[in-house]
Amino acid sequence: MPANSVTSRDASKLARLWRAHGGSVTNVRRTGEIRFTHPCFDAPLTVNGRRRDAPAKLISRLNQLLIRMPSKH
């Protein structure tokens, strides 16, 4: 596992990281879902916005982003 990989299941923390790496987070109207989009991925990822934990697919995509676009810190 890379040193900068994400293991947190906190959805709000992952949303902040997603935005920090150039992605956008949008509320899907009237469904309670949240859509994560990023230029590096063809298809957006839609997750349940009513849950506090994040699905494994979101963590996987964020880790892929961290590998492609390492942090500048």
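**Group meeting: strands, core and salt bridges**

Let's start with the strands. β2 and β3 pair in the antiparallel sense, over four bridges. In that pairing, Glu-33 stands opposite Asn-48 in β3. Before I go on, a caution: this is a predicted model.

Now the other partner of β2. Strand β1 covers residues 24–28. Five bridges join β1 to β2, and the two run antiparallel. Here Ser-24 stands opposite Thr-37 in β2. β1 and β2 form a hairpin, with four residues between them. Look at Arg-30 in that turn: its phi is positive, about 65°.

Leaving out residues up to four places away in sequence, Phe-36 touches Ala-15, Trp-18, Ser-24, Val-25, Pro-44, Leu-45, Val-47 and Leu-58.

That brings us to the core. The largest nonpolar core has 15 residues. Five of them have the most contacts inside it: Leu-14, Trp-18, Phe-36, Leu-58 and Leu-62. Where do the core residues come from? At least two each are supplied by α1 (11–20), β2 (33–37), β3 (45–48) and α2 (56–68). The most come from α2, which gives five residues.

Next, charges. Side chains of opposite charge can pair when their charged atoms come close. How many salt bridges does a search of the whole structure find? Two.

Take Arg-9 with Asp-53. Their closest N and O atoms are 3.8 Å apart. This pair links distant parts of the chain. Arg-9 lies in the segment before α1, and Asp-53 sits in the loop between β3 and α2. The two are 44 residues apart.

Then Arg-51 with Asp-53. Here the closest N and O atoms are 2.9 Å apart. Asp-53 takes part in both bridges.

Arg-9 is partly exposed, with a relative accessible area of 41%. Arg-51 also counts as partly exposed, at 48% relative accessibility. Asp-53 is partly exposed too, at 26%.

Key:
Residues are numbered from 1 along each chain as its sequence is written. This is a predicted model: local features need pLDDT of at least 70, side-chain atom pairs count only at pLDDT 80 or more; totals for chains, interfaces and linings use all residues. Side-chain values use heavy atoms; hydrogens and water are left out. A nonpolar core is a set of buried Ala, Val, Leu, Ile, Met, Phe, Trp, Tyr and Cys residues joined through side-chain atoms within 4.5 Å. Buried means under 20% relative accessible area, exposed over 50%, partly exposed in between (1.4 Å probe, protein chains only). Contact means heavy atoms within 4.5 Å. Two strands pair if DSSP finds at least two bridges between them. A salt bridge is a side-chain nitrogen of Lys or Arg within 4 Å of a carboxyl oxygen of Asp or Glu.
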